[in-house]
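Please read the sequence and the structure alongside the paragraphs that follow.

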2 protein chains.
Amino acid sequence: MRIVSVRDGVVPIASAIANAYIDFSKMTASVVAVTVADGGGRQATGYGFNSNGRYAQPGLLKERFIPRLLETSPATLEHADGGLEPAGAWAAMMKNEKPGGHGERSVAVGVLDMALWDAAAKLARKPLWKLLADRYRGGAADETAWIYAAGGYYYPGKDNAALVEEMQRYLDLGYSVVKMKIGGAPGTPLREALKEDVSRIEAVLKLLGGDGSRLCVDVNGRFGLHAALAYGAALEPYRLRWYEEPLDPLDYATHAALAEHYPGPLATGENLFSMQDARNLIRHGGLRPDRDILQFDPALSYGLVEYLRTLSMLEQHGWPARRCVPHGGHQFALNIAVGLGLGGNESYPEVFAPFGGFADATPVQDSRIRLPDAPGIGFEAKASLWAVLKDL
Amino acid sequence: MRIVSVRDGVVPIASAIANAYIDFSKMTASVVAVTVADGGGRQATGYGFNSNGRYAQPGLLKERFIPRLLETSPATLEHADGGLEPAGAWAAMMKNEKPGGHGERSVAVGVLDMALWDAAAKLARKPLWKLLADRYRGGAADETAWIYAAGGYYYPGKDNAALVEEMQRYLDLGYSVVKMKIGGAPGTPLREALKEDVSRIEAVLKLLGGDGSRLCVDVNGRFGLHAALAYGAALEPYRLRWYEEPLDPLDYATHAALAEHYPGPLATGENLFSMQDARNLIRHGGLRPDRDILQFDPALSYGLVEYLRTLSMLEQHGWPARRCVPHGGHQFALNIAVGLGLGGNESYPEVFAPFGGFADATPVQDSRIRLPDAPGIGFEAKASLWAVLKDL
């Protein structure tokens, strides 16, 4: 098993949208293609990209991670089932990297790891979800994945009517659960933001028949404890599906304080990029394994090799994999959700094109989706994304 | 106040040395020059670099942080004293960066922040230590800084005699406290490493007249709890100055367990790159403000603007600034130590040239050093470093 070549590029995923913390007008993503040859003369090319919220990593890829990947010893790439073992490549990529400081490089490694898993599944002539179920769950994959439509961003001039129209489009696509941003566009005073958000939430809830379990709200880490509690008190009567990332992702102690006072489900984790950071959230964040949601995104956090460590850590701490619903809305996490029995996956029907959304011929029904049977992650089955990747 | 230009480059700081976690054969550093013009027609060029252990950041600098720095609004760069306020540039550089994930970008921002402080001091016609004392301590700077000689790395063929000769050279230079690596070169089994390290430590202690308070030992994050306790039990009778980075830098709970069992001073923090990460160590790491040492390195962790936040956080938690002895052995942290009253600074007399070591005409006496009075950080007063920086 041998790494034959690695190619990389940068594509824009810019958009006029904003959440409460950043705007996305200059957002980019790295794309890579990794070609692997097995001992029997077969080759497969796997593809990878980073999901939104963190930037492309052309510098780190060229400076450190692609050169090290190309030096991976072939023996370390052999899995006991005869296929490709991405963990060997992961160790080679992380050689001479100090512990701690998990950001940016976690994205560069995550992009390459995604491509390696795509190649591993193609060499095995299986969809990735099936490869994962076979390797880690005795073949038991889920039939479908639960997904929800994430949107409801702030953009200039967007009023409640436009927000409700957007959510109606998600319902029309087959989603029954939707997510919207709250906390105010960057720079909005909190008192003003709360008043406006209550009006926005009530408008969307009206569309959803008043059923709070069909609506998630997302702050993107803007609040301190005071604002998180004030919003929490306002949100509590709506009995929402979840209240996402109210606080700085690393402020575990404040999460613990909030979790004592807000009874509904909290969700966080998309900005924690290693097993060690995830473990600190579990140890110190006071979250509740019977209700809270963990959103670690394998594409941003050293890939699936690290995500397997995170799942193992969660199991040791009494957290079932079903409490994980990854951030990012990509097919990689969707395969992981089905193959490893997660609670579901995010979906971006209208933003972050062409990386948001799943295979073309897989309609959403009642917020659930079936995965294609084509070998690999399934990028070739999503025309708009394949148009970007095939040129690599 | 206006950013006129930013130039950057990459230089090797490669060496045959190794610690217990990585080898340094491919280590690089970014160097930058930032020219700032004040409103009165004066210009100053400040210089910056990243200290060892993390790699150069040419990609992140070019992709995100230099372009944003060049777009900084002039008004945000004005300090109340009429000089340059780097915090305005910091906010501009971090625009549209999500919270969490503090690594790599913390190095890129740290390099630029160092150059901005060098420029700020030059515009004020003061050494940086004096500017800091004037802005933050009512003018009260220390007269000298405590420093210790860090070395004792593993390299192929190095025996106890060579280690003792190295330490003798540090004593001859005027250091009375020295530091050596322990934990074994990468790949050494732990039982073998411990036996060898006891022999190495006893050889060095003999040179130091048996005085453990003159010797620090550094594991570089390699151990788990079992190895850390086994080493701790072996080290305890020597009453060493400190036992550095025994554990993964993010494994706060295990630090707390170790601190309950190892009575001597522990030191850590060089691989925590933000105020939030430092705060988690303080909140959850079980460290003891009466004895333990905090080694956050401003050059690797978003610079002095962030380090001021960290010092403020420490004060709130009952930790005096004197417990801080930054990692990195650079003149930037040395100025901060003297200007803000830290406990001291690391020094690398023989490694990481030309970035290790301080101004040429400032001899070390009894492990203390006086800083030059030239404006800025003092790079121009260190010939070997200035030879690298002046070409930018």
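Predicted model: local features only at pLDDT ≥ 70, side-chain atom pairs only at ≥ 80, totals over all residues.

Helices (H or I, at least four residues) and strands (E, at least two) are DSSP runs, numbered from the N terminus. Axes are lines fitted to C-alpha atoms, for helices over the stretch in contact, and angles run from 0 to 180 degrees between N-to-C directions. Two residues are in contact if their C-beta atoms, placed from the backbone, lie within 7 Å.

Residues are numbered from 1 along each chain as its sequence is written, and chains are lettered from A and ligands numbered from 1 in the order in which they are written.

Two strands pair if DSSP finds at least two bridges between them. E1(A) and strand E2 (residues 28-37) of chain A pair in the antiparallel sense over 10 bridges. A:Ile3 stands opposite A:Val36 in E2(A).

Which residues make the contact between H6(A) and H7(A)? Helix H6 (residues 190-207) and helix H7 (residues 225-235) of chain A pack at an angle of about 20°, with their axes 11 Å apart. H6(A) and H7(A) are therefore roughly parallel to each other; angles under 35 degrees count as roughly parallel, over 145 as roughly antiparallel, 65 to 115 as roughly perpendicular and the rest as oblique. H6(A) gives A:Leu190, A:Leu194 and A:Val198 to the contact, and H7(A) gives A:Ala227, A:Ala230, A:Tyr231 and A:Ala234. By class, this contact has seven nonpolar, no polar and no charged residues. Ala, Val, Leu, Ile, Met, Phe, Trp, Tyr, Cys and Pro count as nonpolar, Asp, Glu, Lys and Arg as charged, and the others, Gly among them, as polar.

In chain B, strand E1 (residues 2-12) and E2(B) pair in the antiparallel sense over 10 bridges. B:Val11 stands opposite B:Ala29 in E2(B). Strand E2 (residues 28-37) of chain B is joined by seven bridges to E3(B), and the two run antiparallel. The bridge partner of B:Ala37 is B:Gln43 in E3(B), while B:Val32 stands opposite B:Gly48. E2(B) and E3(B) form a hairpin with five residues between them, and B:Gly41 in the turn has a positive phi of about 90°.

How much of these strands is buried? Seven of the 10 residues of E2(B) are buried. Five of the seven residues of strand E3 (residues 43-49) of chain B are buried, so E3(B) is largely enclosed by the rest of the structure. A residue is buried if 20 or more other C-beta atoms lie within 10 Å of its own, exposed if 12 or fewer, and partly exposed in between.

In helix H2 (residues 86-93) of chain B, the residues B:Pro86, B:Gly88, B:Ala89, B:Trp90 and B:Met93 are buried. The buried residues of H2(B) pack against H1, helix H3 (105-123) and helix H10 (303-316) of chain B.

Helix H4 (residues 128-136) and helix H11 (residues 331-340) of chain B pack at an angle of about 40°, with their axes 8 Å apart. H4(B) and H11(B) are therefore oblique to each other. The residues of their contact divide into eight nonpolar, two polar and one charged.

Lastly, the contact of the two chains takes 37 residues from chain B and 36 residues from chain A. On the side of chain B that touches chain A, the elements that give two or more residues are helix H1 (58-70), helix H8 (252-261) and helix H9 (275-284). By class, this side of chain B has 12 nonpolar, 12 polar and 13 charged residues.
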